[in-house]
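Please look over the sequence and the structure shown here before reading on. The briefing that follows starts from a single residue and then widens to the chain as a whole.

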Amino acid sequence: MAPLAYKEATSIKDDEKLEASKVDVEDVEEDQLPTTQADFIEDPTIDQTYLNASKSTKFFRGTLFQMIMFGALSFVGPAMSDAITNLGGGGLSTPYLANLATSLQYAMSCAMTLFGGPIINKIGIKWSCIIAAIAFPLAGSGYYVSAKFKVDWFLLFSRVVGGITSGFLYVGETTAMLSYPHVHERGKYLGIWSAMRNSGSVIGGAINFSNNSKASSAGGIAWSTYLIFIAFECTGIFWAVLLSKTKKVRRSDGSRVPYSKDITWKGEFLALWKHAQNKRTWLVFMPAFYSFFYGGVYGTYLSLHFSVRARALSSLIIPTAVIPMVMAYGSMLDNKRWSQKKRGWIAFAMWAIPQAACLIWTGIEYGKFATEGKVAYDYRIHGKRWAEAYLPYFIIFTTGYWTQLSIYWILGTFSTDVKSSSRTGGLFRAFETLGQAISYGINANTGNKKIPLYVLCAVFALTLPCMTFLIRLIPEKPAENDDVVDGQVVIAKEQMEQATS
């Protein structure tokens, strides 16, 4: 009996030691979590403290609230800027100064977003959004000063500064869109974010239309319109402060967002360089370049050929139509009945086919403009002719949001790691803003407006094969680490092992 008792006592002590050696994951600092072979933090456990917290705390730290805050930032920032842009030429009497200012803005954003991944990984998504929100009011104030006081240099200055700071928001929100939601929820959250952004444009469009509904001729909008935009833009800092730091964000099931271990500045830029060399980065270049390239071409089209109130009405009906469209599109992207690749093909067809038709349609309209002379089409005066000329603009702008959402969704299928997403997202937004800068740049003169349309058609033609090859790369399940950097490390180690064996 004695040996048996001794054995049982020893077993009890071993169990106690084992139990005492366990450490609750909540007691471990975020930077002390175990790492993988490539120094990546992967915490597959569920945060029980979060699940047991109050409803308000869970909502505040949850993915849904973060997406709402990003939507609110887009509502009072980019959406207000879009509402001004959607007037054609920023609402000024001619589009050329506004196109030059917008081109400078996107050129600065391109330079910022190109290196945005390492910067956002160091300062965090929340602080990047705060920096962007501080400069939101520059958008409306630049146009106000130009319209009322004819001080054009301030418009150009405000767009340069705004372009730099908006780059922080572009990379920050893109990173969150690609990494915060679960894979099966990404379409829904992309739809929510895009719908909120367009809700801001709806309000902006309503402001435009109410202030300019009596102007049936060509020209500039009432300068007091810009003051209302400025008031909305000033609230941006409030929404940015309410964002949670990425390490505190939790998904709906309590899981943490995959988050790579902090590395040095040199390591960040080396990781960015590896992403820049990756095949899918260059496949996404042309689709990203094209995704908003139409803005400069069709913004000039609207400004030159439609009345002030027709342009104001356009800034209202475009976002109103986009809201249900992006919500339905997001639901389609989350449809589990189809494989991810099949969803990618369906999404591609939904925007590529109508946009191809619109490009042909617009070419026909330019031929008619040449015979009709200079006419500012108005929905009350010209009726059917206005609708005929306006429909290609309407279709290209509404399906344009589908273009960008599908690229977001495809990029999110490769990795959900935050730092990987910031590198991928930064390069994507750099390519996108480069396209916008060139688009508005070639429309900043009084030359032949058919030439920018021909350029747009060529970019679209190059986009089609790139999207085809990109969709073929879509995996069935995203990695939870930086699959580009980590994958190269693993391959290198395997090659070394083979060489030494």
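In this predicted model, G117 is a residue of helix α7, and at a relative accessibility of 0% G117 counts as buried, because buried means under 20% relative accessible area. Once neighbours within four places in sequence are set aside, the residues in contact with G117 are V171, S422 and R423. The C-alpha atoms of G117 and G172 lie 8.7 Å apart in space, although 55 residues separate the two in sequence.

**Helices α7 and α10**

- Two packed helices are described by the angle between their axes and the distance between the axes.
- Helix α7 covers residues 116-123 and helix α10 covers residues 152-179, and their axes come within 10 Å of each other while crossing at roughly 80°.
- Angles of 65 to 115 degrees count as roughly perpendicular, and α7 and α10 are therefore roughly perpendicular to each other.
- On the side of α7, the residues that meet α10 are G116, G117, I119, I120 and I123, and their partners in α10 are F168, V171 and G172.
- Sorted by class, this contact of α7 with α10 is made up of five nonpolar and three polar residues, with no charged residues.

- K150 is found in the loop that lies between α9, which covers residues 137-149, and α10.
- Most residues other than glycine have a negative phi.
- The phi of K150, by contrast, is near 60°, which is a positive value in a residue other than glycine.
- K150 counts as exposed, because its relative accessibility is 63% and the cut-off for exposed is over 50%.

**A231 in helix α12**

- A231 belongs to helix α12, which covers residues 225-233, and at 48% relative accessibility A231 counts as partly exposed.
- A231 and G140 are 91 residues apart along the chain, and their C-alpha atoms are separated by 8.9 Å.

**Cysteines**

- A disulfide is a covalent bond between the sulfur atoms of two cysteines.
- The structure holds zero disulfides.
- C358 counts as buried because its relative accessibility is 1%, and C466, with a relative accessible area of 17%, is buried as well.

**The chain as a whole**

- The protein chain has 22 helices and two strands, and of its 501 residues 55% count as buried.
- Among contacts in the protein chain between residues at least 6 apart in sequence, 86% join residues that are at least 24 apart.

**Confidence in the model**

- The pLDDT of the protein chain averages 82, and 83% of the residues score at least 70.
- Confidence is lowest in helix α1, residues 2-21, where the mean is 45, and highest in helix α13, residues 236-241, where it reaches 96.
- Over residues 1-43 the pLDDT stays under 50, and the model has 37 contacts beyond four places in sequence for this stretch.
- The pLDDT is also below 50 over residues 489-499, a stretch that has one contact in the model beyond near neighbours in sequence.
- Where pLDDT is low, the predicted coordinates should not be read in detail.

Methods. Residues numbered from 1 in each chain as written. Predicted model: local features only at pLDDT ≥ 70, side-chain atom pairs only at ≥ 80, totals over all residues. Heavy atoms only, no water. Axes fitted to C-alpha atoms, helices over the stretch in contact; angles between N-to-C directions. Helix = DSSP H or I, 4+ residues; strand = E, 2+ residues; numbered from the N terminus. Parallel < 35°, antiparallel > 145°, perpendicular 65-115°, else oblique. Contact = heavy atoms within 4.5 Å. Nonpolar A, V, L, I, M, F, W, Y, C, P; charged D, E, K, R; others polar. Disulfide = S-S within 2.5 Å. Buried < 20%, exposed > 50% of the residue type's maximum accessible area, 1.4 Å probe, protein only. pLDDT = per-residue confidence, 0-100.
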